[in-house]
Amino acid sequence: MKISPENFEKYTILTVEGRVDATTAETFYTQTAEFLEKDNKPLLLDFSNLEYISSAGLRSVLKIAKNCQTKHLFFACFALQKPVADVFKFSGFNTIIKIFADKDSAIASLTC
């Protein structure tokens, strides 16, 4: 798993690559929480290169979302590949986490 940040004036995008599973979920959460703590800006997760997410990965996403909610910061995921989108759908996470089809629609939602 690899996380690549793009820091913009009004938001941060973290591109997540590889797998977020039982082995990498804690690292994923820790690294993401560090970016959130440092930048304290709305956070968008780019999952276009995420191949797989497990239930442990979903828990990490939920913890990140709760951190953002506590700080009153916008949080969303975008560009989920079909296997990852299916996990979000089957787990019901698509109803509690904002998910957008692409980067442009996720960024546009920041201004609404």
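Me: What should I keep in mind about numbering and confidence here?
Reply: Residues are numbered from 1 along each chain as its sequence is written, and the side-chain values use heavy atoms, with hydrogens and water left out. Since this is a predicted model, local features need pLDDT of at least 70 and side-chain atom pairs count only at pLDDT 80 or more, while totals for chains, interfaces and linings use all residues.

Me: What makes E6 and K103 a salt bridge?
Reply: The term asks for a side-chain nitrogen of Lys or Arg within 4 Å of a carboxyl oxygen of Asp or Glu. The closest N and O atoms of E6 and K103 are 3.8 Å apart, so the pair meets the definition. This pair links distant parts of the chain, with E6 in strand β1 and K103 in helix α4 (residues 103-110), 97 residues apart. Helices (H or I, at least four residues) and strands (E, at least two) are DSSP runs, numbered from the N terminus.

Me: Why are E6 and K103 called partly exposed?
Reply: Buried means under 20% relative accessible area and exposed means over 50%, with partly exposed in between (1.4 Å probe, protein chains only). E6 has a relative accessible area of 29%, so it is partly exposed. K103, at 31%, therefore counts as partly exposed as well.

Me: How many salt bridges does the whole structure hold?
Reply: A search of the whole structure finds 4. One of them joins K71 to E37, with the closest N and O atoms 3.2 Å apart. K71 lies in the loop between α2 and β4 and E37 in helix α1 (residues 25-39), so this pair ties together parts that are 34 residues apart in sequence. K71 has a relative accessible area of 28% and is partly exposed, whereas E37 reaches 55% and counts as exposed.

Me: What makes D86 and K82 another case?
Reply: Their side chains meet at 3.0 Å, N to O, in a salt bridge. Both residues lie in helix α3, 4 residues apart, which is about one turn of the helix. D86, at 23%, is partly exposed, and K82, at 59%, is exposed.

Me: How do you know that β1 and β2 are paired?
Reply: Two strands pair if DSSP finds at least two bridges between them. β1 and strand β2 (residues 12-20) have 6 bridges, in the antiparallel sense, so they qualify.

Me: Which strand pairs with β2 in the parallel sense?
Reply: That is strand β3 (residues 43-53), with 8 bridges to β2. I13 has L44 as its bridge partner in β3.

Me: Why are β1 and β5 said to stand at the edges?
Reply: The 5 strands form an open sheet in the order β1-β2-β3-β4-β5, with mixed pairing. β1 (2-7) and β5 (99-100) each have a single partner strand, so one side of each is left without a neighbour in the sheet.

Me: Why is β2 described as largely enclosed?
Reply: Of its 9 residues, 7 are buried, so β2 is largely enclosed by the rest of the structure.

Me: Are H72 and A79 buried or exposed?
Reply: H72 has a relative accessible area of 75%, so it is exposed. A79, at 17%, is buried.

Me: Which helix gives the largest share of the lining of the largest pocket?
Reply: Helix α2 (residues 55-70) does, with 5 residues. Among the lining residues are L62, F74 and K98.

Notes
On a 1 Å grid over the protein atoms alone, a cavity is a set of points where a 1.4 Å probe fits but cannot get out, and a pocket is an open set with protein on both sides within 12 Å along at least five of seven lines; lining residues have an atom within 4 Å of a point.
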